[in-house]
Amino acid sequence: MNAQPESSKLPFSLERPTTPAEANQFCIALSGTMESLLRIIETETALVRDGKLREAGTLQPEKARYIHEYTRGMMCAKDNSVALGNLAPAAAQNLKRQHAEFQPLLRINLAVLATAREVANTIVASVAKAVGAQQKSTTYGPAGNHPQAPRPASGIAINRSL
């Protein structure tokens, strides 16, 4: 039994293009995928900058799908770059230009997400430290003994999936 690749879900064929029409169609479809992914990334970046992390999180399934399509498409384009360049040079050049413009925007998104993660970690660490400080006794014990060493804070959970 042969396992079929998941190319049926992709908006383009992963097969090597053999005609100018197939090459153009591939480039147009991959370009559309990049534009859709870019729209989601820009929306996510804006939401995270505004502190709307829950809303940004709802974009994750769609973003993951477009990232999958984009990655598969770019791997296919790399593998078939000679055929694409020969069969549809203008479309292939446009795709290459669009990919180059896409990379800096992706870096901005990753920087915003990293900053949001760092802020969240700092807030959680500050809360944990404050909770731990509240547990520290500043008086003598019932028998006149020095208090025991403070216990670490308990009951704080950190979600690192952002």
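1. Salt bridges: how many does a search of the whole structure find? The search finds three, where a salt bridge is a side-chain nitrogen of Lys or Arg within 4 Å of a carboxyl oxygen of Asp or Glu. A quick word on the basis: this is a predicted model, in which local features need pLDDT of at least 70, side-chain atom pairs count only at pLDDT 80 or more, and totals for chains, interfaces and linings use all residues. Residues are numbered from 1 along each chain as its sequence is written, and side-chain values use heavy atoms, leaving out hydrogens and water.

2. Have a look at K63, which forms a salt bridge with E44; their closest N and O atoms are 2.7 Å apart. K63 lies in helix α3 and E44 in helix α1, so the pair ties together parts 19 residues apart in sequence. (Helices are DSSP runs of H or I, at least four residues, numbered from the N terminus.)

3. Now the two helices themselves: α1 (residues 20–49) and α3 (residues 60–79) pack at an angle of about 145°, with axes 9 Å apart. Axes are lines fitted to C-alpha atoms over the stretch in contact, and angles run from 0 to 180 degrees between N-to-C directions.

4. Finally, find I123 in helix α5 (residues 89–134).
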